[in-house]
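Hi everyone, thanks for making the time this morning. I'd like to walk you through one model and how its ligands are held. Let me put it up on the screen.

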Amino acid sequence: MRKIIVLGPAAAFLVGGSMLAMAEIKSLRGDRPLDAPPEPPKKARVISKTGGFGRQWKTQPPLIPHKIDKERISLDENSCLRCHAPDTYKAEKAPMISKTHFTDPNNPSDANLMRGRWFCYQCHVPQVNAKPLVENLFSKTAD
Ligand code: HEC
Ligand code: HEC
């Protein structure tokens with residue numbers, strides 16, 4: 001009997017405390033109940049920018065100023081080369097893959113692209129018109 005008297009207020013405190021915590025939790029899906037489907041996020045649009053985005057610092061991998069959703073990169077296929085390879089870039093009016101991406105930078109040719117540079121979007125990424133999740137205070141560095 002005595003135990004119940006002691007536990008009573010403690011249990012009430014615990015329940016009250018966890019309810020307070022529940023009210024404060026704000027997950028990424030908002031405070032919608034679990035059985036209500038969340039609102040789909042707005043679809044971001046890829047930004048196509050004539051002339052490219054420029055660089056924030058000299059050795060930055062330039063951002064991709066066009067869509068890449070139809071491009072395919074696998075072990076033996078790389079559709080970026082359709083426009084950016086040394087033998088295709090002129091006809092496609094695209095910038096050539098940087099000379100630094102070739103095993104012998106003084107003699108760039110499609111065949112000896114360094115394997116470490118094969119998966120282009122390991123370093124180059126397109127941009128979408130999404131609202132930044134956090135403010136970015138980075139300012140351009142001098143070259
Ligand atoms: C159909 C041709 C085509 C294909 C395929 C293509 N690109 Fe491009 N890319 C271009 C053109 C044209 C530009 C120049 C756009 C401009 O500056 O107006 C460009 C620009 C770029 C730039 C910017 C270079 C700079 O100095 O600013 C990068 C990086 C790039 N592409 C990467 C890629 C990657 C990675 C892929 C594959 C996922 C790819 N591209 C596929 C045509 C293409
Ligand atoms: C390991 C990172 C990395 C990978 C992978 C990579 N790049 Fe780059 N890329 C860079 C960096 C860094 C630069 C800028 C400095 C330089 O030129 O080396 C660059 C520059 C470029 C440029 C600009 C050239 C110029 O003269 O302005 C093009 C175009 C490009 N890369 C295309 C590609 C394509 C296409 C692929 C895939 C076949 C690719 N890159 C793979 C890092 C990478």
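Let's begin at ligand 2, where a nitrogen atom is 2.7 Å from an N or O atom in the side chain of His 124. Before going further, please keep in mind that this is a predicted model, so to speak of distances here is to speak of computed values.

Who else is around? Ligand 2 is surrounded by 20 residues, and the closest are Thr 100, His 101, Cys 120, Cys 123 and His 124. Sorted by class, that shell has 10 nonpolar, 8 polar and 2 charged residues. As for location, ligand 2 sits in the largest pocket.

Now over to ligand 1. Which residues come nearest to ligand 1? Out of 23 residues around it, they are Gly 51, His 66, Cys 80, Cys 83 and His 84.

Here are the polar contacts for this ligand. His 84 has a side-chain N or O atom 2.7 Å from a nitrogen atom of ligand 1, and for His 66 a polar side-chain atom lies 2.8 Å from a nitrogen atom of ligand 1. The backbone takes part as well: a polar backbone atom of Gly 52 is 3.3 Å from an oxygen atom of ligand 1.

By class, the ligand 1 shell has 11 nonpolar, 7 polar and 5 charged residues. Helix H2, residues 81–84, gives the largest share of that shell, with 3 residues. And the space taken by ligand 1 is, again, the largest pocket.

Finally, a word on confidence. The protein chain averages a pLDDT of 83, and 82% of the residues score at least 70. Confidence is highest in helix H3, residues 89–92, at a mean of 97, and lowest in helix H1, residues 2–24, at 52.

Key. Residues numbered from 1 in each chain as written. Chains lettered and ligands numbered in written order. Predicted model: local features only at pLDDT ≥ 70, side-chain atom pairs only at ≥ 80, totals over all residues. Heavy atoms only, no water. pLDDT = per-residue confidence, 0-100. Helix = DSSP H or I, 4+ residues; strand = E, 2+ residues; numbered from the N terminus. Near = heavy atom within 4 Å. Polar contact = N/O pair within 3.5 Å; in protein donor to acceptor, adjacent residues only side chain to side chain. 1 Å grid on protein atoms, 1.4 Å probe; cavity = no way out; pocket = protein on both sides within 12 Å on 5 of 7 lines; lining within 4 Å. Sits in = over half its atoms within 2 Å of the grid points. Nonpolar A, V, L, I, M, F, W, Y, C, P; charged D, E, K, R; others polar.
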